[in-house]
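Dear colleague,

Please find below the structure we discussed handing over. My notes on it follow directly after.

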Amino acid sequence: MQPIPAKSEIDENAATRMPRQIPYIIGNEACERFSFYGMRNILTPFLVTTLLLYAPIAERAGIAKDVFHTFVIGVYFFPLLGGWISDRFFGKYNTVLWLSLLYCVGHACLAIFESNRSGFYAGLFLIALGSGGIKPLVSAFVGDQFDQSNKATAKVVYDAFYWTINFGSFFASLLMPRILASWGPAWAFGIPGILMFIATVIFWMGRKKYVHVPPTAHNPDSLINVARSALLAPGRGRSGLVLAASGALAAVGMFVAWAIAPSWWPEHFSFVITFCLALGVFILFGGLGTSLQLERARGLHPDAAIDGVRAVLRILIIFALVTPFWSLFDQKASTWILQGNAMLMPHDSWWWPSWLVQQPAQMQALNPLLVMLLIPFNNIVLYPLLRRLGFRVTALRRMGWGIAFSGLAWIAAGLIQLSIDGGDPTSIAWQVLPYVLLTFGEVLVSATGLEFAYSQAPPSMKGTIMSFWLLSVTFGNLWVLLTNAAVRNDTVTAHIADTGLSENAFMMFFFAGFALLAALVFALYARRYPMADHYRTA
């Protein structure tokens, strides 16, 4: 007769058991990420060599970077829409399913309209809408499958989740540039579309096993309602309201300036740049104003709602300080590919895998490969070692060091660019160093950030706060568009020329300094940040 397990043993088993629905989400994510990175990692080479042939050769690289980073801005802006409609109306599962179908249509447009700019850009818009809309929901949906009884397993699952993302990205980064070169853009963009359809089917298959957290009804104590009460409640002084109103007026003024284009308005500020700047100003001034008057909402809303809004405002500062990391990270699929095009493939060297790596864009496969190696290495070797040495490996410390490592990566890329500019034949193998440094930074920032964002978000705003985490990527890419616009200004280019550096080398060192400064400010703020625990109860 088998002994009946003690309650403590049952609780321990429940705490370490993987929820049975997780494999469906992980499988969906692997295929979806192959789909997304498969098209994303060939987008810049395709634009330069095919879709932008109408433009002068000297301008194609700049236009391609603008298109690429505008697309990425869209991908990471639409999480706001996905998070809102999920939290308010349809729930995470239904929102993910329907936006995934739009995502599939977008891939079809890329494959069909390979030589039609309007049709191709429409496809990019649909992919940005679909991919962006589901981004905060899939990762938050993972968190919904856990409660206080098994939350210890969530860290492992989030790492597995991120590992799977990179598993799909690795094979996409290796295969799609080869397929683009050998079979053409219709197949290169069509195959990712097929993988996206498979991802949607896998997600649908798990529908009866998921924990479905229902959408919240109209919430009178939402972040927006609490902020409105705080700003409009009577009291002595209106500094917060004045600050928030000033931000709103400044945002409107930016759109007016973009529309009428006065002489002082920067010529190369597109609608996307203007919109992102206006959104950033609105969030910044609105958040500061709300923070100044937040206590006035106490009594009009429950204390938990007031404290939740204050927590969100603190989280948004963390997210803002991470934006420089994304401005560096996403340029590996634009600036670093263009740099690789000016480097030599060492096919004559015995150690170079010529049978596998033949296109500069394939160097991006290093990133997901290193992520798959570094995540288990960090969890099994590095973090335990640091703990034994007496170092506390907190989420915020990992993120701060991750930003710093991205800056070091761009110093390495800048040194490579100096070699290229000096006329020396430079092997593309040297790009391994910046990829290693950047990827180590990515593991520390991105994999940690997913769990951090979920754990710090109050229950009623998990989808929304995950959207804000992804919105930090939008602003990271905004910095890239702003610098691209700046280097089209004669005064700026003259100052760069005075440094004795090429434009490419100067910008690489500029972004490195940008990230290192951000890492310093992040470290100072993180020391005062009060950590919270918002996993749901069992």
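The largest cavity has a volume of about 360 Å³. Here a cavity is a set of points, on a 1 Å grid over the protein atoms alone, where a 1.4 Å probe fits but cannot get out, and lining residues have an atom within 4 Å of a point; points are joined across faces, edges and corners, and a volume is the space filled by probe spheres set on them. In total, the structure holds two cavities of 30 Å³ or more.

This is a predicted model, in which local features need pLDDT of at least 70 and side-chain atom pairs count only at pLDDT 80 or more, while totals for chains, interfaces and linings use all residues. Residues are numbered from 1 along each chain as its sequence is written, and side-chain values use heavy atoms, with hydrogens and water left out.

The lining of the largest cavity comprises 26 residues, with Arg33, Tyr76, Lys135, Tyr162 and Ile165 nearest its centre. Among the elements giving two or more residues to this lining are helix 2 (22-51), helix 5 (117-144) and helix 6 (152-183); helices are DSSP runs (H or I, at least four residues), numbered from the N terminus.

The axes of helix 3 (residues 57-77) and helix 10 (residues 271-293) come within 11 Å and cross at roughly 40 degrees; axes are lines fitted to C-alpha atoms over the stretch in contact, and angles run from 0 to 180 degrees between N-to-C directions. At this crossing, Thr70, Ile73 and Phe77 in helix 3 meet Val272, Phe275, Cys276 and Leu279 in helix 10 (contact means heavy atoms within 4.5 Å).

Ala261 lies in the loop between helix 9 (239-260) and helix 10, and its phi is near 50 degrees, a positive value in a residue other than glycine.

Yours sincerely

Definitions and conventions: On a 1 Å grid over the protein atoms alone, a cavity is a set of points where a 1.4 Å probe fits but cannot get out, and a pocket is an open set with protein on both sides within 12 Å along at least five of seven lines; lining residues have an atom within 4 Å of a point.
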